[in-house]
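I opened the notebook to keep track of what I looked up in this structure. Let me show you the structure, and then we can go through my entries together.

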Number of protein chains: 2
Amino acid sequence: MDKFINKYNTYKREVENIIRLSIDKDFPTCLYQPIKYILDSGGKKLRPILTLFVCEALEGNYKNALFAASAIEILHTFTLVHDDIMDNADTRRGRETVHKKWDRDTAILVGDQLLAIAYKTLLKTQHKYLQDILNCFTNGIIEVCEGQALDKDFEARNNITTEEYLLMIEKKTAKLLEASAEIGVIIANVNTKKYKDSIKNFALNLGIAFQLQDDLLDIIGDEKKFGKTIGGDIKQGKKTFLLIKALELATQKQDREKLLYIINQDKKRKLITDKFISEIKEIYIKYKVINITESLIKYYITSANSSLMSIKSKQGHNLLKWFSNMLLERKY
Amino acid sequence: MDKFINKYNTYKREVENIIRLSIDKDFPTCLYQPIKYILDSGGKKLRPILTLFVCEALEGNYKNALFAASAIEILHTFTLVHDDIMDNADTRRGRETVHKKWDRDTAILVGDQLLAIAYKTLLKTQHKYLQDILNCFTNGIIEVCEGQALDKDFEARNNITTEEYLLMIEKKTAKLLEASAEIGVIIANVNTKKYKDSIKNFALNLGIAFQLQDDLLDIIGDEKKFGKTIGGDIKQGKKTFLLIKALELATQKQDREKLLYIINQDKKRKLITDKFISEIKEIYIKYKVINITESLIKYYITSANSSLMSIKSKQGHNLLKWFSNMLLERKY
């Protein structure tokens, strides 16, 4: 396994280096200072690593995919900056968000500029199917925006079904992982539909599993490993998969009232105590919401991994399998 | 002249048609309803027409440039939606702005999505130099964001020089016109540096003249033809070229105080009367600010038009000359 971790870390550094070099100016300072700040804020670089690993698993040269992979990470950073404005988030990766450290208008402009820089970086790719790569990248943005629009729309609604929720996370999270993988396939020059569909399916299912697990870990995670406060989603009134499922299943009036309190709380007051979070966890256990979520995650993981069977190279198969395990087992 | 107006109107309709067809879905409604609203809000389509006219003036087929031209208009619309949030603008082209009719988060997302749709539309272009076209387009976005960042930065400063101001409008307005023209050159397959530089110079100088004229018309324009309220910039406390120049030249204390009042007014109170606007106009006349601005506009127009001399086709030369006149004489 060590060799995969080493590979991950090596490629991560290469991506970080390209991202650093993508900003070659300082003026206007009011724009490039926050851009450098946010691009230098760490992060696991999961999406670019997926692009590079897919390319390599299909016997392509990962170096040909470095600009595209870095562009995907810059694109992802753009979504974080704008999402943080909309979510009124104060911190991101342990540091102040751009709109908090500077202001709203700066954060809007920083996001816009990041999107342009993402394209600029992507356009350094030399490939005969560059137009396909660009279309794939552009569709990824369109899906992410649609997903974020649905997410915002759900905030105002109390009758979201689990199917609607799954569609939202597919668009908001999984489609960009799918695009990351597809670009890896194209750059590896394995442009056959069968291969591409398998790898896309792998990434899409992995992405949904990843987001569902994020929802689950908010309630059963280990704070130290997870890196977020347990019950944070409940405190923020987030409509997670678990909450939506619990509202679907809970029959007792007092349970329903508690669940609805999460949604209807005044966000500014933050009266949610640790005791309340424990009570919600009890409700989730009572109606088997945790088990149900775990089995759905398992379904998506199995779907993802079975898509890897088409990969000819054993080494390539193992690399992506390792990526999938690393992604999903990181937090317990 | 009639034949040029007819051409303008015909091409404008073709661009409008492509823009309409660029949105082929309705879901999520909360995203695509405001996108359709803003894309259908009129506008002169100056930038796409410039692309098409440049292509045709260089003996290219304008039809090959229709997707790129439409993409530039969609990109321009993205900048308007995000700028309106930052400027707290209530109306745009006689209708409510997106963030006013819906909300801030919707407007952020609508802008983001418009940028992706712009690229999607651009990527329908079939051209051997597509990568050059995309780089040119992307650099246009980068310049616009830098220009907007400078504009925001200027709001907090009272010591802006006219040179700083000219750099800001070059980036915020003129560079996108330059990119529009350059894309027309590339698509016309006239990829020689000499030609490209002339046409870029034409568009850049035209763009600066256009913005300076916008500043001037706020004080000497005909409300009906101009389509905006006279003195609107003064009411909004905008640091226009005229105001910056007047602050540079005004020596009398009472004049300076009035000029500084424009900048330092509390935007919410709006205590600026028509009488006050007349007084500012008098100050501008007293220090020859209006004459000075007119002569600077003339300088940029002359620079723009003399760049057209390199165009071989007389018809092409006349077409771009007509465009330049139309752009700059529209409002008196």
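Predicted model: local features only at pLDDT ≥ 70, side-chain atom pairs only at ≥ 80, totals over all residues.

**Entry 1: a cut-off to start with.** I call a residue buried if 20 or more other C-beta atoms lie within 10 Å of its own, exposed if 12 or fewer, and partly exposed in between. I looked up Asn189(B) with this in hand: it has 15 C-beta neighbours inside 10 Å, so it counts as partly exposed. Asn189(B) sits in the loop between α8 (162-187) and α9 (193-220) of chain B. Its phi is positive, about 65 degrees, although it is not a glycine.

**Entry 2: another positive phi.** I then turned to Lys45(B), which is not a glycine either and has a positive phi of about 60 degrees. I found Lys45(B) in the loop between α2 and α3 (46-57) of chain B. Buried or exposed, I wondered, is Lys45(B)? With 23 C-beta neighbours inside 10 Å, Lys45(B) counts as buried. As a reminder to myself, most residues other than glycine have a negative phi, and most peptide bonds are trans.

**Entry 3: cis peptide bonds.** I noted a cis peptide bond between Phe27(A) and Pro28(A), with omega about 0 degrees. Pro28(A) belongs to the loop between α1 (2-21) and α2 of chain A.

Entry 4: For chain A the mean pLDDT is 94, and 95% of its residues reach 70 or more. The predictor gives the complex an ipTM of 0.94 and a pTM of 0.95.

**Entry 5: chain A as a whole.** I counted 16 helices and two strands in chain A. Its radius of gyration is 20 Å, close to the 20 Å of the globule rule for 332 residues, so chain A is as compact as a globular protein of that length. Buried residues make up 50% of the 332.

**Entry 6: the two copies.** I superposed chain A on chain B by a rotation of 180 degrees with 0.0 Å of shift along its axis (RMSD 0.0 Å). The two copies are thus related as by a two-fold rotation axis. Which residues meet? The contact takes 30 residues from chain A and 30 residues from chain B. On the side of chain A that touches chain B, α7(A) gives the most, with 14 residues. I sorted that side into 18 nonpolar, six polar and six charged residues. Finally, 100% of the interface residues of chain A are also interface residues in chain B, so the copies meet through the same surface.

Definitions and conventions:
Residues numbered from 1 in each chain as written. Chains lettered and ligands numbered in written order. Least-squares fit on C-alpha atoms with pLDDT ≥ 70 in both. Contact = placed C-beta atoms within 7 Å. Helix = DSSP H or I, 4+ residues; strand = E, 2+ residues; numbered from the N terminus. Nonpolar A, V, L, I, M, F, W, Y, C, P; charged D, E, K, R; others polar. Rg over C-alpha atoms; globule rule 2.2 N^0.38 Å. pLDDT = per-residue confidence, 0-100.
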